[in-house]
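Colleague: I have this model open and would like to learn how to read it. Could you take me through a few features?

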Amino acid sequence: MSPAVRAEEITYRRGQSTLLDGVSLLAEPGEVLGIVGPNGSGKTTLLRILAGDLVPTAGSAWVQDVDTAQATLQDLAKLRAYLGPDGVSINPFAVRDVVTMGRHPHRRAMIEAADHDAIVESAMERTDVIHLASREMDSLSTGEQQRAGLARVIAQETPVLLLDEPTSALDIGHQETVMRVLGSLAGGGTAIVVVLHDLNLAAAHANRLILLDAGRAVASGTPTEVLTGERLSAIYRQPMQIMQHPHRDCPLVLTVDSTGPAA
Amino acid sequence: MTASVDAVDPRSRRRGAAVTALAALLLVVVVLGLLSGAVAVSPTDLFHMLGQRLGISDDAERLTDSVLWAIRLPRVLAGAVVGAGLGAAGAALQGTFRNHMADPHLVGISPAAGLGAVVGIALTPIGGPPLIMMVGAATAGAVAALLMRRIAKRIVESNQFILIGLALGLGMLAWLGAIVLAWDSPRVPTFTFWVFGGLAGSTWSTLGAGTPVVLVGLVTLVASARSLDLLALGETEAQHLGLDVDRVIAVVLVGVGVAVGGAVGLGGAIGFVGLIVPLLLRRWIGPGHRWLIPVSALAGAAMVVAVDILARTIASPVEIPVGLLTAILGAPVFIWFLLRVGRVRS
């Protein structure tokens, strides 16, 4: 099986600054790949290159076997869905209308209207916005808008989901809900590439991580391999310590006052 | 304002009611428009004229027949066409720029269309058809709309967008005024017409030239309705759903410019119709452009015909320019809306 997402030696320069420097990654179908790293390390730029929004200065990115820099917008819309980090400012449409817009790429396919509706309803159920279906988007809280946005990209039913901090505005309960939803989507064969700030969320829910610093991929692998105290303390300029999560089979990242004895 | 859980979207029920009510309103104001004016006309006169025109009646021709046929009917119809063009253009413009304060008049498209109309008149041989003026207005309207898109791409603050449009419009209006005053030709409508509009000069000839232009604009906008819905998500998001955003916006803006151009060629610069009609309708029937654009056309038509009746009658025999009255009615609504938005945001 070909990888769902592949990037090879991506370099992206804007003006004088190099935002990405030779980054490669691979995500297989059924996998949650987390992109982590400090502010300004190039996470969003990398995701937007995978989405086909930005054309890399050097290197290439593919979704399935399609080069994202050369694909048509219509083809890309059937291959990958993208959820940006920003809340929607002015959007007078109801949540159900917005989630239905996610079906737009499949509007010309031979699909019954009832099937479109069922997909929309199930996406809203998954992200816990079904009770908000008739509410206008701009009457919702940021967190509710974020979950409605996630329902929209789920309804797009693409083999690849690209998500930029989908939990940034969510309370801790909904953070876990959303990450579990991503896990179950991956269980269904979707490849998920997700930018996350919260290292513990990434450690608990991503199958593999890629850690960026100043535009370079400094580590990639399982959370246990990538998240080491020494590495994180250096990159984030903040002493950190790694423990084993008491109940989950994953590392637990703690900020500390000074680098103490390793756990 | 928001629906209860599990209720059928109340907007779909309201749409039917809105279309019925507005169509009835349009019919009423059209009849009232035909009946009111300096020469007294009764409903029987109206039927007499229709009978004459349709060749059903053999009665002798009355004075009211020619008043109705040659003066009032083209004027009332021109009002409806102008209102339809402005209402639909306003709805599409607000959707394109995701800015509910956008109005063809406020962002400079109407003044540009006026300038284009005057250039068109200058290019028309004496006694030539009014279509050249309409095409001039439509072209300039489309160019101004596309220019505003370029400006909008460079800025983030929505109020800044309106202010730039306002400055653009005032600048164009000044050029227009200077040209009209300096040229001082009976072929060019007065400066008042270009600033505050007026339907007094409507004839079958101008109506015949302006209506197809407005219709081309309207059809373009209605055809782009679904794409405009997707734009509400944001341009990047719409693009991720496969929409060629730049192309769609260019098509819509040309449609806006053409509809406004036809409207300005027919009725001069009439402000606030394109602003308040979609603003109020969106709250009534919802934001979906497949309904909002045609229903805005219907409501805009009824509004301009109604306001034109006031314009002709309140200070009779003096006529108040129709755009003055739309501004008197529209300005408070606009301010109310700005204050409401300010309260929500803060």
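This is a predicted model: local features need pLDDT of at least 70, side-chain atom pairs count only at pLDDT 80 or more; totals for chains, interfaces and linings use all residues.

Modeller: Gladly! H4(B) and H11(B) pack at an angle of about 60°, and their axes lie 9 Å apart. The crossing of H4(B) and H11(B) is right-handed.

Colleague: Which residues make the contact between H4(B) and H11(B)?

Modeller: From H4(B) come B:Ile109, B:Ser110, B:Ala113, B:Gly114, B:Gly116 and B:Ala117, and H11(B) brings B:Val256, B:Gly257, B:Val260, B:Gly261, B:Val264 and B:Gly265. When you read such a list, keep one idea in mind: an α-helix has 3.6 residues a turn, so residues three or four places apart point the same way. Sorted by class, the contact of H4(B) with H11(B) has six nonpolar, six polar and no charged residues.

Colleague: Is H4(B) largely enclosed or exposed?

Modeller: For burial, count the C-beta neighbours: a residue is buried if 20 or more other C-beta atoms lie within 10 Å of its own. In H4(B), twelve of the 15 residues are buried, so this helix is largely enclosed by the rest of the structure. Among the buried ones are B:Leu115, B:Val118 and B:Ile121. The buried residues of H4(B) pack against H5 (131-154), H6 (158-183), H7 (191-196) and H11 (245-267) of chain B.

Colleague: What does the end-to-end span of H4(B) look like?

Modeller: Compare the span with the value expected at 1.5 Å a residue. H4(B) covers residues 109-123 and reaches 21 Å from its first C-alpha to its last, close to the 21 Å expected.

Colleague: Let us turn to the two chains. How many residues does each chain give to the contact?

Modeller: Chain A gives 23 residues and chain B gives 20. On the chain A side, helix H2 (73-79), strand E6 (80-83) and helix H3 (95-101) each supply at least two residues. The largest share of that side, three residues, comes from H2(A). By class, the side of chain A that touches chain B divides into 13 nonpolar, seven polar and three charged residues.

Colleague: And within chain A, which domains are assigned?

Modeller: Check whether a domain is one stretch or several. In chain A, domain 1 is 5-88 + 156-227, and domain 2 is 228-263. Their centres, taken over C-alpha atoms, are separated by 23 Å. Eleven residues of domain 1 of chain A are in contact with eleven residues of domain 2 of chain A. H7(A) gives the most to the domain 1 side of this contact, with four residues. That side has eight nonpolar, two polar and one charged residues.

Colleague: Finally, where does A:Pro3 lie?

Modeller: A:Pro3 lies in the segment before strand E1 (5-14) of chain A. A:Pro3 is partly exposed, with 17 other C-beta atoms within 10 Å. Leaving aside neighbours within four places in sequence, A:Pro3 is in contact with A:Leu26, A:Ala27 and A:Glu28.

How values were computed: Residues are numbered from 1 along each chain as its sequence is written. Chains are lettered from A and ligands numbered from 1 in the order in which they are written. Domain bounds come from an automatic or database domain assignment. Two residues are in contact if their C-beta atoms, placed from the backbone, lie within 7 Å. Ala, Val, Leu, Ile, Met, Phe, Trp, Tyr, Cys and Pro count as nonpolar, Asp, Glu, Lys and Arg as charged, and the others, Gly among them, as polar. The expected span of a helix is 1.5 Å times one less than its number of residues. Axes are lines fitted to C-alpha atoms, for helices over the stretch in contact, and angles run from 0 to 180 degrees between N-to-C directions. A crossing is left-handed if the near helix is turned anticlockwise from the far one by less than a right angle, and right-handed if clockwise.
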